[in-house]
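Please look over the sequence and the model together before reading on. The paragraphs below go through a few parts of the fold in turn.

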Amino acid sequence: MNRSRLAPGAGIVTAPGGRPVLRTCEGEFLRIDTGHVGPGELVDRLTQGEGQASSAELDRLVAAFEEAGHAVTEPRRPPLTGRTVHLLGDPVLTEPLARFAAAEGAEVHPATTDDVTGLAGRRDTAVVWCLDSPVPEGLWDEADRLPARHTAWLRCHREGAHTWTEPLASAPGDVTAAHVRLRRLAATAAHRELAAYWAGHRTPDTGPHPTEPAAALIAALLTADLIAWASGELRRGEPRKGAGLPANRRLRRIDLRDLTVTEHPVLPVPEVAPLPAPTARTAP
């Protein structure tokens with residue numbers, strides 16, 4: 001029989017006076033009332049596993065740890081197990097992302113622009129597109145349709161010294177790339193200039209391009225968003241405790257010069273009914 005062990009990230013601390021205290025995965029400290037169970041028995045059971053002494057009271061105490069998520073009986077499965085990730089874009093970003101996603105259990109495949117339409121409607125599948133440049137107009141229009149058919153859609157791009165990671169969209173009504181553009185235009189007084197920049201009316205790009213550490217940081221942030229999607233966090237509508245904004249409502253900006261990350265909340269843009277056509281007026 002498999003015995004419970006402390007969940008990854010959790011630990012038991014001996015506080016002054018000899019009382020055991022649980023440090024949770026989130027960093028909280030919770031006092032443990034062991035009743036008639038010796039603290040050493042509980043620690044042995046939750047750290048050494050199978051073959052340790054047992055009692056009905058100890059079993060009840062361990063079951064309470066399991067129910068609260070502080071102990072587990074099964075080995076940890078990588079969080080992206082059973083998920084497929086299709087990658088497009090620039091190798092400086094897709095190569096580290098492929099390694100990170102595979103390390104977390106994902107099945108990773110390279111993809112092309114022509115593949116995107118055929119991926120729509122595939123559940124447990126994510127399409128991730130990474131650009132080391134601004135996004136050409138219309139490039140992401142087809143991929144923006146993926147969430148309406150329950151295929152996850154995640155992307156990032158660079159504008160000058162900043163790389164933007166956009167919210168992960170996985171269901172109808174989530175934030176798309178088009179929504180992000182509209183929200184960013186609405187948030188700046190220089191909306192005409194920003195639109196011209198996106199349209200390509202600019203001087204040639206001078207970088208800076210992501211260094212290896214910067215690319216690793218961006219890939220790690222994107223992997224975290226994929227894990228949030230795979231965990232069901234987005235369907236529950238709120239992030240894991242302490243995780244900040246949910247991944248489907250979070251726009252990140254990474255400054256490639258000093259690797260600082262800022263987060264901005266972003267919401268979908270509701271559809272607006274077209275204006276009615278003008279009616280012809282007849283002369284009196």
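Two strands are said to pair if DSSP finds at least two bridges between them, and with that in mind we can begin with the hairpins of this predicted model. Strand S3 (residues 20-23) and strand S4 (residues 29-31) pair in the antiparallel sense over 3 bridges, and one of the facing pairs is Leu22 with its bridge partner Leu30 in S4. The hairpin of S3 and S4 has 5 residues between the strands, and in it Gly27 takes a positive phi near 95°.

S3 also has a partner in strand S2 (residues 11-14), to which it is joined by 4 bridges, with the two strands running antiparallel; here Thr14 stands opposite Pro20 in S3. This hairpin, too, has 5 residues between its strands, and Gly17 is the residue with a positive phi near 95°.

After H3 comes Gly105, whose phi is positive, near 100°.

Strand S6 itself contains Thr84. Is Thr84 buried or exposed? Thr84 counts as buried because its relative accessibility is 17%, and buried means under 20%. Leaving aside neighbours within four places in sequence, Thr84 is in contact with Glu107, His109, Asp124, Thr125 and Ala126.

Terms used:
Residues numbered from 1 in each chain as written. Predicted model: local features only at pLDDT ≥ 70, side-chain atom pairs only at ≥ 80, totals over all residues. Heavy atoms only, no water. Buried < 20%, exposed > 50% of the residue type's maximum accessible area, 1.4 Å probe, protein only. Contact = heavy atoms within 4.5 Å.
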